[in-house]
Each structure stands twice: as structure tokens, then as C-alpha cells.
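This report covers backbone geometry, one kind of ring contact and charged side-chain pairs. The sequence and structure are shown first.

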Amino acid sequence: MTRRILVVDDEPDLVEVLCGALRYEGWQALGAATGTEAVEAARSWGPDAVVLDMMLPDLDGLAVLERIHAHQPEVRVLFLTARDAVEDRIAGIAAGGDDYVTKPFSLAEVVVRLRGLLRRVDPPAAGWGDPHAAVLPPDALVLGDLVLVESAREVTRGGQPVELSPTEYALLHYLLRHPRQVLSKAQILDAVWSYDFGGQAHVVELYISYLRKKIDAGRSPMIHTVRGAGYLLKAAQ
């Protein structure tokens, strides 16, 4: 199924480059330069996801999100924000945005994050708790036979429940938000333990080992060490 992505930014060159990258992925892409254009395009074109700049010449990104979700609450939204606009990033997620990238960003990062968002709306071949049964909840993150349901904070692999501590859950959630992507220990420390954490990288190794015992024990491994680079989560072979 070809996905439709609406790209909203008042920089024409950026919109053109992003739309080109998305079409290269096999998706349909449409650009809009203002919030008003974005709302009209969303209603008439019916995108599956929106790449939405927070700062637009007429409406801000939050207003655009609210108007789109009023008619199409299932549409996934990836915000584009300034690197130092922490308040914008928090406000965007709190208002119902699904993810964000900070400018300047790489095209590869935008594509990877959109893939993650679109997996949540793809018609699943699997059901909640069993990737070959019924229908997954809309907030499920799925990779192979691994399923994490955000609203329930529940995890299964191969249909079997996996009991995780809060930190193990946070670590797995971060890995699932970045599937098939090598994540360094520094990135994981920042995301899971935050800048305020005073520990060292060995805590990442420790919790990766905990997670492996619960996710990979007796199964084909999904968590992989990339020597000298970090860790990678991918579907089992």
C-alpha cells in the first residue's frame, strides 16, 4: 500500500528535497507552504502522515495539528523544530504529535522516523499479543514477533508476555522507536536516563544484558552489539 506524506514548511527548497526523498522511498508526497494550505490538503488528499514545521507564516504547527486531527485523528505527525526549541518539542508531543526531528536534520533520519510512525497504521498481519491473530491496538510498536503496546505498557514476543522493569521498558521502547538503527551508548544514556544521569556507559551494557535475557532468551536474537558503535534492534532471522 502506497503511503501519502504531506510535507509542510515555508522553505520551498526544503519541501522539494523532502518530497523527493519520500518519493524515492516509494511513497506519495505533497508539499504545502502554509498552515492553511496544509489543513486544506489534509482534508482533500487524506495523508497517512504529516511532516510539519512548528513555525509557519500563518498558523503555528500546534494549530495545524489541532485542525487536522479534528477531522483525521489517525494521521501521524512528525514535527520539525529548531534545535534549541525544547518547549516546542514538548508542546508538540503533548498536543498529540507522534515524534519530532530538530533542524538541521538528515533525510535518512526523517525517513526512518516516518517508517516507525507508519508501521503503527499499517494493516497488521498480526494481532495484539500474537503477530498472526487479530488487530493490533493503534499505539502498538511492532518488529517481527515483538510487540509493545504503549497505552498498556505491555510487551509480548511470539505471543508470550514479557515482564519488564520500568527502566527495561524505557530502554526497549527507545530501541523500538529506532529499529534497524545503530544507537550509541551515549544516545541511549541521553534518551533513557537523560542528561542528568551521572552514571557511566556500563549501565547501558548492564540493562542491555537484562533485556536480552527477557527478550532473546531461547529465541533468535533481536538485540545485536555493533562493536565500537553501539546496539541494534532488528527482527530475528
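## Backbone: positive phi

Arg180 has a relative accessible area of 47%, so this residue is partly exposed. The model is a predicted one. Arg180 sits in the loop that runs between α6 (166-177) and α7 (185-193). Although Arg180 is not a glycine, its phi is positive, at about 55°. For comparison, most residues other than glycine have a negative phi.

Arg153 is another non-glycine residue with a positive phi, again about 55°. Its place is the loop between β7 (146-149) and β8 (154-157). Is Arg153 buried or exposed? With a relative accessibility of 52%, Arg153 counts as exposed, because the cut-off for that class is over 50%.

## Backbone: a cis peptide bond

Most peptide bonds are trans. The bond that joins Lys103 and Pro104 is cis, with an omega of about -5°. Pro104 belongs to the loop between β5 (99-103) and α5 (107-119).

## Aromatic contact

How many aromatic pairs does a search of the whole structure find? The search returns 1 aromatic pair. Tyr207 and Tyr210 form this pair, with ring centres 5.1 Å apart and an angle of 80° between the planes. The arrangement is edge-to-face, because planes over 60 degrees apart are placed in that class.

Both tyrosines are in helix α8 (residues 202-215). They are 3 residues apart there, so about one helical turn separates them. Tyr210 is partly exposed, at 30% relative accessibility.

## Salt bridges: pairs

Side chains of opposite charge can pair when their charged atoms come close. Across the whole structure, a search finds 13 salt bridges. One of these joins the side chains of Arg113 and Asp99, at 2.9 Å from N to O. Arg113 is in helix α5 and Asp99 in strand β5, so the contact ties together parts that are 14 residues apart in sequence. Which class of accessibility does Arg113 fall into? Arg113 is buried, at a relative accessible area of 15%, and Asp99 is buried too, at 7%.

A salt bridge also forms between Asp145 and Arg157, whose closest N and O atoms are 3.0 Å apart. This pair links distant parts of the chain, 12 residues apart: Asp145 is in the loop between β6 (140-143) and β7, and Arg157 is in strand β8. Asp145 counts as partly exposed at 27% relative accessibility, whereas Arg157 is buried with a relative accessible area of 2%.

Lys214 and Glu168 meet through their side chains in a further salt bridge, with an N to O distance of 2.7 Å. Here the linked parts of the chain are helix α8, which holds Lys214, and helix α6, which holds Glu168, and the two residues are 46 residues apart. Lys214 is partly exposed at 33% relative accessibility, whereas Glu168 is buried at 5%.

## Salt bridges: a network

Which residues are linked in a network of salt bridges? The network consists of Asp9, Glu11, Asp53 and Lys103. Lys103 is also a partner in the cis peptide bond with Pro104.

Conventions:
Residues numbered from 1 in each chain as written. Predicted model: local features only at pLDDT ≥ 70, side-chain atom pairs only at ≥ 80, totals over all residues. Heavy atoms only, no water. Helix = DSSP H or I, 4+ residues; strand = E, 2+ residues; numbered from the N terminus. Buried < 20%, exposed > 50% of the residue type's maximum accessible area, 1.4 Å probe, protein only. Phe/Tyr/Trp six-rings, centres within 6.5 Å; stacked < 30°, edge-to-face > 60°. Salt bridge = Lys/Arg side-chain N within 4 Å of Asp/Glu carboxyl O.
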